Amino acid sequence: MKNKILLIALIISGITTSLIFSACKHGNDAHTPPLLVFKTDSGYVSHDTTLTIGDTITVGLTATKTEDELKTFNVSVAFDGAATSTTVSNTALSVPQYDSYSKDVVIGTRTVTGTEKYSFTVTDMDGNITTKTLTITVN
């Protein structure tokens with residue numbers, strides 16, 4: 001009788017343990033980065049473009065969480081094919097922006113010809129990153 005009770009307890013313990021471990025998130029699970037899309041309404045530029053010196057455009061973006069809450073939104077620019085970029089703005093998002101964040105970025109071109117490659121990056125709380133780029137050729 002004692003052996004039957006011990007056997008039943010071991011079976012229940014094994015089933016409970018397997019249920020717990022199968023419900024846990026594994027460290028190698030794929031993470032889904034946040035969504036980041038350009039606004040395409042009238043008045044927004046959402047693709048590579050050519051402008052003249054001193055022109056101004058508006059680029060609109062909307063970031064949406066997928067799995068994890070949004071953490072930061074960064075805008076940076078690299079000039080004339082440079083490998084490094086300069087941060088234009090870096091925004092730490094707050095509670096009302098954790099699920100969705102929308103930003104209009106007004107860009108004025110430089111006073112010299114060349115290329116300006118803008119990178120717009122959103123990062124979530126788990127470190128997943130999505131980046132969209134837009135290149136402006138200035139004539």
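Me: Is Asp 80 buried, partly exposed or exposed?
Reply: Keep in mind that this is a predicted model. Asp 80 has a relative accessible area of 46%. Buried needs under 20% and exposed needs over 50%, so with its 46% Asp 80 counts as partly exposed.

Me: Which residue forms a salt bridge with Asp 80, and where do the two sit?
Reply: Asp 80 is in the loop between E4 and E5, and its partner is in the loop between E6 and E7, so the pair ties together parts that are 30 residues apart in sequence. The closest N and O atoms of the two are 3.1 Å apart. The partner is Arg 110.

Me: Which residues are joined with Arg 110 into one salt-bridge network?
Reply: Arg 110 also meets the side chain of Glu 116 in a salt bridge, 3.4 Å from N to O. Glu 116 is buried, with a relative accessible area of 0%. Salt bridges that share partners make one network here, and the residues in it with Arg 110 are Asp 80 and Glu 116.

Me: How far apart in sequence are the parts tied together by Asp 99 and Lys 65?
Reply: The side chains of Asp 99 and Lys 65 meet in a salt bridge of 3.5 Å, N to O. Asp 99 lies in the loop between E5 and E6 and Lys 65 in the loop between E3 and E4, so the parts they tie together are separated along the sequence by 34 residues.

Me: And are Asp 99 and Lys 65 buried, partly exposed or exposed?
Reply: Asp 99 has a relative accessibility of 44%, and for Lys 65 the value is 30%. Buried is under 20% and exposed is over 50%. Asp 99 falls in between, and Lys 65 does too, so the label for both is partly exposed.

Me: Let's move to the rings. What kind of aromatic pair do Phe 73 and Tyr 101 form?
Reply: A search of the whole structure finds three aromatic pairs. For Phe 73 and Tyr 101 the centres are 5.4 Å apart and the planes are at 55°. Planes under 30 degrees apart count as stacked and over 60 as edge-to-face, so this pair is tilted.

Me: Which strands hold Phe 73 and Tyr 101?
Reply: Both residues are buried. They lie in two strands, so the pair ties together parts that are 28 residues apart in sequence. Phe 73 is in E4 and Tyr 101 is in E6.

Me: What is the bridge partner of Phe 73 in E7?
Reply: E4 and E7 run antiparallel and are joined by nine bridges. Phe 73 contacts several residues beyond its sequence neighbours, including Leu 36, Leu 61, Phe 120 and Val 122. Its bridge partner in E7 is Val 122.

Me: How many residues are in the largest nonpolar core?
Reply: Val 59, Phe 73, Ile 107, Phe 120 and Ile 136 have the most contacts inside this core. The elements giving two or more residues to the core are E1, E3, E4, E6, E7 and E8. The residue count of the core is 22.

Me: How many residues of E7 are buried?
Reply: E7 has 11 residues, and it is largely enclosed by the rest of the structure because most of them are buried; the number is nine.

Definitions and conventions: Residues are numbered from 1 along each chain as its sequence is written. This is a predicted model: local features need pLDDT of at least 70, side-chain atom pairs count only at pLDDT 80 or more; totals for chains, interfaces and linings use all residues. Side-chain values use heavy atoms; hydrogens and water are left out. A salt bridge is a side-chain nitrogen of Lys or Arg within 4 Å of a carboxyl oxygen of Asp or Glu. Helices (H or I, at least four residues) and strands (E, at least two) are DSSP runs, numbered from the N terminus. Buried means under 20% relative accessible area, exposed over 50%, partly exposed in between (1.4 Å probe, protein chains only). Rings of Phe, Tyr and Trp (its six-membered ring) pair if their centres lie within 6.5 Å; planes under 30 degrees apart count as stacked, over 60 as edge-to-face and the rest as tilted. A nonpolar core is a set of buried Ala, Val, Leu, Ile, Met, Phe, Trp, Tyr and Cys residues joined through side-chain atoms within 4.5 Å. Contact means heavy atoms within 4.5 Å. Two strands pair if DSSP finds at least two bridges between them. Lists of a residue's contacts leave out its neighbours within four places in sequence.
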